[in-house]
Amino acid sequence: MKKFIINTVSALLLCVFLAANALAAPLPFSDVKEDAWYYADVRTAYRSGLINGKTYTTFAPDANLTYAEAVKLAACLNQFFTEGTVTLSNGDPWYQTYVDYCAEREIITHEYEWNENATRGGYMEIFAAALSDEILNPINDIQDNAIPDVGAEHPQAEGIYKLYRAGILQGSDAETHVCNPDSSIRRSEVSAILARILDSDRRIRFDMIIDIPFEVVTAPVSAYPDKMVGRVEFSAEALGNDVGYSWQVYDLGTLDWVEIGTEGTLVVEYNFDASDAILMYRCIVTDGDEEFITENVSVYPPMIVGEIVKSPADRQQLTSVILSCSDLSLKEAKALADLADGAKFVLKDSDAGVRLLESLAELGGEAVVSSESSRGMKFVRLISVGEDKTEVVKLIDRHTGCGLTVAKGIIKETLPMIGMYMTPAAAEKFVSALVLAGAEAVIE
């Protein structure tokens with residue numbers, strides 16, 4: 001007993017026409033020979049009443065199908081499967097009834113050149129939209145981008161892949177399964193498609209599993225947070241079979257990476273109220289035996305580092321200035337005032353930097369405001385690079401997340417002036433790694 005993916009009423013109707021088909025006389029078409037590959041398909045499609053001959057005695061199997069004929073077939077198929085019968089008839093022009101029917105049901109969403117030959121892709125797009133998911137139940141594993149000439153971004157890809165997966169299509173070549181979506185489609189090919197839609201036993205079983213070369217398309221990028229409250233979004237995208245993502249944050253308590261996400265995009269929302277004011281993230285992207293680790297990403301709140309160049313005579317006044325402009329306790333401010341010249345501290349914001357400079361100038365002192373950084377940080381100053389500059393560049397890139405281009409630029413500058421802010425734990429590891437690479441650095 002043949003299996004048909006149809007509703008109950010349609011099943012009864014199809015059983016009647018197939019029974020009659022089995023006992024019927026040969027087709028009346030002189031141009032459809034019994035040894036032609038499409039003979040059985042034309043017979044099934046013709047006996048179903050869905051497609052007619054060009055004349056009483058000719059079918060024209062090699063003639064191309066027009067969009068008008070395609071929309072008629074789609075409308076009739078849809079009505080047949082949903083209502084159990086076909087009551088549609090020609091309009092003016094003859095195809096208008098079918099166009100209106102398909103438009104009302106969103107089988108088509110735009111106009112076609114109705115009297116022009118339908119492309120294979122256009123025909124498949126219309127037919128796939130006319131049939132329910134139940135009728136087009138997938139039986140084949142066809143991966144996206146597996147069809148050689150129909151990528152996932154092709155305008156008709158959705159419909160084409162749907163018909164391939166349901167076994168309705170196998171392409172114009174049984175080995176490569178190319179689709180030729182821009183070429184015309186013949187009436188014999190349409191008959192084969194109709195026969196497979198009506199009779200699930202005729203559907204073609206095959207899989208298209210492709211080995212996509214592993215490639216990381218984009219590495220993580222960050223949006224810098226807004227002052228003390230941050231929302232940072234990182235993204236990574238990779239191509240390949242069974243691509244996996246593992247987003248990790250560096251845990252300063254265990255000095256190890258902890259997984260916090262497994263999607264291509266990671267969104268982090270936080271309040272910067274901890275003593276460690278740096279967060280480091282990375283993403284490990286995997287594909288089979290391949291592995292790619294993105295560059296570490298460091299996120300800083302926008303706070304400004306200040307440094308006293310010349311202190312005023314009155315240390316109490318200096319303490320008051322530091323306290324009012326920085327994010328420090330009174331005890332910390334007094335300690336900095338005692339250090340005086342060369343003391344570094346973090347300001348609340350850039351406006352605080354302006355106030356600091358103005359206040360110290362009034363007291364006879366002087367300060368400078370340097371690059372953006374954070375609270376609770378250690379300053380690692382690079383003293384010398386050593387012989388292996390390449391390794392040092394990699395270490396700077398890995399530990400600061402500044403990017404290889406920036407890292408290369410860092411070692412070209414006057415080394416005693418070069419330094420990086422990081423958490424105490426990260427600073428210790430960074431300096432140890434630099435020493436092993438033959439460089440020299442100190443923590444300030």
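Visitor: Why does Ser246 count as buried?

Guide: This is a predicted model. In it, Ser246 has a relative accessibility of 12%. Buried means under 20%. Ser246 therefore counts as buried.

Visitor: Where does Ser246 lie, and what does Ser246 touch?

Guide: Ser246 lies in strand β4, residues 244–251. Leaving out residues up to four places away in sequence, Ser246 touches Glu259, Gly261, Arg282, Cys283 and Ile284.

Visitor: What makes the pair Ser246 and Glu259 a polar contact?

Guide: Their side chains come to 2.6 Å. The cut-off for the N or O atoms of such a pair is 3.5 Å. The pair is a polar contact between side chains.

Visitor: Why are α2 and α7 called roughly perpendicular?

Guide: Helix α2 (residues 39–47) and helix α7 (residues 187–198) pack at about 65°, with axes 8 Å apart. Angles of 65 to 115 degrees count as roughly perpendicular. The two helices are therefore described that way. α2 passes α7 in a left-handed crossing.

Visitor: Which residues make the contact of α2 and α7?

Guide: From α2 come Asp41, Val42, Thr44 and Ala45. From α7 come Ser191, Ala192, Leu194, Ala195 and Leu198. The contact divides into 6 nonpolar, 2 polar and 1 charged residues.

Terms used. Residues are numbered from 1 along each chain as its sequence is written. This is a predicted model: local features need pLDDT of at least 70, side-chain atom pairs count only at pLDDT 80 or more; totals for chains, interfaces and linings use all residues. Side-chain values use heavy atoms; hydrogens and water are left out. Axes are lines fitted to C-alpha atoms, for helices over the stretch in contact, and angles run from 0 to 180 degrees between N-to-C directions. Helices (H or I, at least four residues) and strands (E, at least two) are DSSP runs, numbered from the N terminus. Angles under 35 degrees count as roughly parallel, over 145 as roughly antiparallel, 65 to 115 as roughly perpendicular and the rest as oblique. A crossing is left-handed if the near helix is turned anticlockwise from the far one by less than a right angle, and right-handed if clockwise. Contact means heavy atoms within 4.5 Å. Ala, Val, Leu, Ile, Met, Phe, Trp, Tyr, Cys and Pro count as nonpolar, Asp, Glu, Lys and Arg as charged, and the others, Gly among them, as polar. Buried means under 20% relative accessible area, exposed over 50%, partly exposed in between (1.4 Å probe, protein chains only). A polar contact is a pair of N or O atoms within 3.5 Å; within protein, one must be able to donate a hydrogen and the other to accept it, and residues adjacent in sequence count only if both atoms are side-chain atoms.
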